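This report covers strand pairing and nonpolar packing. Please keep the sequence and the structure at hand while reading.

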Amino acid sequence: DQLVWSPDGRRIVYAVTVGDAPMLRSVRVAGRVVEPIRTPGRAVAPVGFIGDTLGYLEPVPGSAGRPNANRIAFVRSNGESATTEAMQTVNLGNGSAALSPDGRRVAALVEPGGAAGSIWTIDLGSGKPFQKVADLPADVRFRGAAWADNDRLIVATVQRTSHLVLFDQGK
């Protein structure tokens with residue numbers, strides 16, 4: 001479960017499940033007011049902000065009966081989609097995603113069930129689809145990712161022995 005702070009530090013976005021439908025909520029820190037966030041489709045988890053545009057994970061259309069088939073999407077503050085076709089080129093499986101601090105790049109940690117995971121990145125301004133930057137051994141699972149700066153991604157993984165390994169992938 002992931003919490004995301006708005007760039008101005010006034011709101012926290014998080015995911016909840018209402019019935020069978022996951023959705024995003026926002027809480028204003030000062031007034032403790034909770035509001036739903038309108039998204040064009042279902043929203044599984046927040047990823048981060050680029051200005052007033054929110055990145056989130058959404059189920060892949062037509063994935064009913066296929067658990068954890070998610071992709072990254074973006075929504076503007078007015079509820080309109082800001083997702084491009086290039087952004088939807090990677091199915092994250094049950095992985096996750098992380099935005100670079102400047103909001104220009106997204107790292108996707110793809111973990112398709114029991115198969116080997118992989119790391120993909122996309123430059124949001126390029127219009128090009130995600131590019132694969134690394135494959136992981138089959139016995140390694142993701143635990144999270146964060147950008148060290150705008151060019152270096154650090155990925156935490158765990159193997160059967162539960163040791164954490166940091167992966168630092170340069171631009």
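Two strands count as paired if DSSP finds at least two bridges between them. The model discussed here is predicted.

Strand β9 covers residues 105–110, and strand β10 covers residues 118–123. Six bridges connect β9 and β10, and the two run antiparallel. Within this pair, Val-106 has Ile-122 of β10 as its bridge partner.

β9 and β10 belong to an open sheet of four strands. The order is β8-β9-β10-β11, with antiparallel pairing. β8 (96–99) and β11 are the edge strands; each has a single partner, so one side of each lacks a neighbour in the sheet. From one strand to the next, the twist averages 20 degrees.

The other pairs in this sheet can be read the same way. β8 and β9 are linked by four bridges in the antiparallel sense. There, Ala-97 lies opposite Ala-108 in β9. β10 also pairs with β11 (residues 131–135), again antiparallel, over four bridges. Trp-120 faces Lys-132 in β11.

**The three-stranded sheet**

A further open sheet has three strands, in the order β5-β6-β7, and its pairing is antiparallel. Its edges are β5 (45–50) and β7 (70–75); each has a single partner strand, so one side of each has no neighbour in the sheet. The twist here averages 30 degrees from one strand to the next. β6 (residues 53–59) and β7 are joined by six bridges and run antiparallel. Leu-54 has Val-75 in β7 as its bridge partner.

| Strand pair | Bridges | Residue pair |
|---|---|---|
| β6 and β7 | six bridges | Leu-54 and Val-75 |
| β8 and β9 | four bridges | Ala-97 and Ala-108 |
| β9 and β10 | six bridges | Val-106 and Ile-122 |
| β10 and β11 | four bridges | Trp-120 and Lys-132 |

**Nonpolar cores**

Which residues touch the most other members of the largest nonpolar core? They are Ile-72, Phe-74 and Val-106, in a core of 18 residues. β5, β7, β8 and β9 each give two or more residues to this core. β9 supplies the largest share, three residues. A second core is separate and has 11 residues, among them Ala-98, Ala-134, Leu-136 and Phe-142.

How values were computed: Residues are numbered from 1 along each chain as its sequence is written. This is a predicted model: local features need pLDDT of at least 70, side-chain atom pairs count only at pLDDT 80 or more; totals for chains, interfaces and linings use all residues. Side-chain values use heavy atoms; hydrogens and water are left out. Axes are lines fitted to C-alpha atoms, for helices over the stretch in contact, and angles run from 0 to 180 degrees between N-to-C directions. A nonpolar core is a set of buried Ala, Val, Leu, Ile, Met, Phe, Trp, Tyr and Cys residues joined through side-chain atoms within 4.5 Å. Buried means under 20% relative accessible area, exposed over 50%, partly exposed in between (1.4 Å probe, protein chains only).
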